[in-house]
Amino acid sequence: MSNLFYSDIQTVAKKIKNKEISPVELVSSQLKRIEHIDSKINAFITVLKEVALGQAEIAEKEIMSGNYKGPLHGVPIAIKDIFETKGLRSTSGSKVFASWLPNKDAEVVKYLNHSGAIIVGKTNLSEFALGSTTENYHYGNTHNPWNLNKIPGGSSGGSAAATASGMCFGALGTDTGGSIRLPSAICGVVGFKPTFNLVNRTGCFPLSSSLDHVGPITRTVSDSEIWMETLLGEKKAKDLNIGEWNDSVIGIRLAVCRDYFFDDLDPSVEKLMDETIGKLKTIGIEVVEINIDGLTKAIEAQKTILGAEAIAVHKPILDKEKEMYGPETAYRLENYKNITAVEYLDSQRIRAEFISEVLSKTAHFDGLITPTNSITPYDINSNPIENGTANIFNLGKTPLFNLLGFPTLSIPCGFTDEKMPVGFQLVGKPYSDGQILGLGKTIETLFDWQNKLVSNEQQLVKEEKLL
Amino acid sequence: MEKTISEYLREQFGIVSSLKNFEQTPHFLLSYDEEGTTSEQSFLFRHSNSSKENKE
């Protein structure tokens, strides 16, 4: 069973469908793996052992009686602990909600349950998703599976670390400034932020209501496609052409904007980006450099909008129960109190202008390509809390795509000189999610990444004696 | 015992106010029109699936 830990969903689903492996065996084996290695990685806040085994038994009976539901049926997955789960602790990574048992499931959890997926646990995150390092004051820090001294990125760091270390076959995350894509890149897995509001957010604790997105973290782009078909439902996925890519890149044109997106990169990241662009050209994709105006103003607008919307949610709790918050979260939220209504509305106006500017400049292209992470991730506990707001902008080039709301896919493309993974982003137009995922599937074949994940397993075992 | 988020906050901390709205996960903003562009006036995100091809 251990040779399946790094399989993609298609492989494991085929074995389940053909009754070569049973959901109960698979889930039991996955839970054992979590038990063995999560004490070092700390990807999970709550492991749902009994619930998962119960669901696996149901899935097994359904499949044995010929009621196979699809590629997630019987497959162990995880969800970020920011989604409500009926009767199961839903903390949002906070002390405030440490004992909350919701009376319903989040909409996306309902979809996943309906697909027959087995949720093995709820993953660690930055407190209330406000952070990009997954150093959690209340539930401990999540460690990067490629180097346990390094942050996994965040805020969905637990979801990315669990997926990268073979503790689940993908995990659900949220992304307000890069919280799916950044940890995915830093942990060497695939992260997809769909078009704004495409995936239902009901039952997901908000950070910034006009920037929050829900999406999957997986080991391959094909797996992200499977997740999206489940999260959207068959009809909506079909309307968006998800799963209907014909594998041809003839006529595909991608834009590159070097201003801002290629500033302050680690030299090894810059080299990898140039190599990646070179690889795209070799398979016939045209890559053209463009300029985008208004980048600096847009960055400031993103920070203002996030801060204003976050404090609007938290102010009643913060004013009454400040000691319940971790120091970094409290520090950042207190600072957000200074944002005025005029600044917020002005930022939304700047945002609308920026969306028009980007759509206009990319009108003749299928999408944009940029780095995901800019640098090698920090060592855990090396960064002062005052840097919290700047972290996401220092670590990666992800936040502007939340301001735009455009679908954005992060794919692994290599390693920094410190042997930490690097990802790049493919950014599409609104509702071009199917095309971006399809194109991503073709492009990921250029990198042979799954074997690198498996090789890291040998490194984990050798250096950390995890198993 | 299972609770809504507003019940939990009220019973645990005595917090009421606008947090009742959490159940709807408030969101607003952004609209892409038929051309895939945005309307500066509109703060309501529509689920319009722009099918128009912007590429020439």
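Helices here are DSSP runs of H or I with at least four residues, strands are E runs of at least two, and both are numbered from the N terminus. Okay, with that said, hello everyone.

What you see is a predicted model, where local features need pLDDT of at least 70, side-chain atom pairs count only at pLDDT 80 or more, and totals for chains, interfaces and linings use all residues. Residues are numbered from 1 along each chain as its sequence is written, chains are lettered from A in the order in which they are written, and side-chain values use heavy atoms, leaving out hydrogens and water.

Let's start with Ser90(A). You'll find Ser90(A) in the loop between strand S2 (76-80) and helix H4 (107-115) of chain A. Buried or exposed? Well, Ser90(A) counts as buried because its relative accessibility is 2%, and buried means under 20%. Its side chain also makes a polar contact of 3.2 Å with that of Thr85(A); that's a pair of N or O atoms within 3.5 Å, one able to donate a hydrogen and the other to accept it.

Now, the largest cavity. A cavity, on a 1 Å grid over the protein atoms alone, is a set of points where a 1.4 Å probe fits but cannot get out, and lining residues have an atom within 4 Å of a point. How many residues line the largest one? There are 18, and Gly131(A), Gly177(A), Leu306(A), Arg332(A) and Ile392(A) lie nearest its centre. Helices H10 (295-321), H11 (327-336) and H13 (388-395) of chain A each supply at least two lining residues, and H13(A) gives the most, with four.

Terms used. On a 1 Å grid over the protein atoms alone, a cavity is a set of points where a 1.4 Å probe fits but cannot get out, and a pocket is an open set with protein on both sides within 12 Å along at least five of seven lines; lining residues have an atom within 4 Å of a point. Buried means under 20% relative accessible area, exposed over 50%, partly exposed in between (1.4 Å probe, protein chains only).
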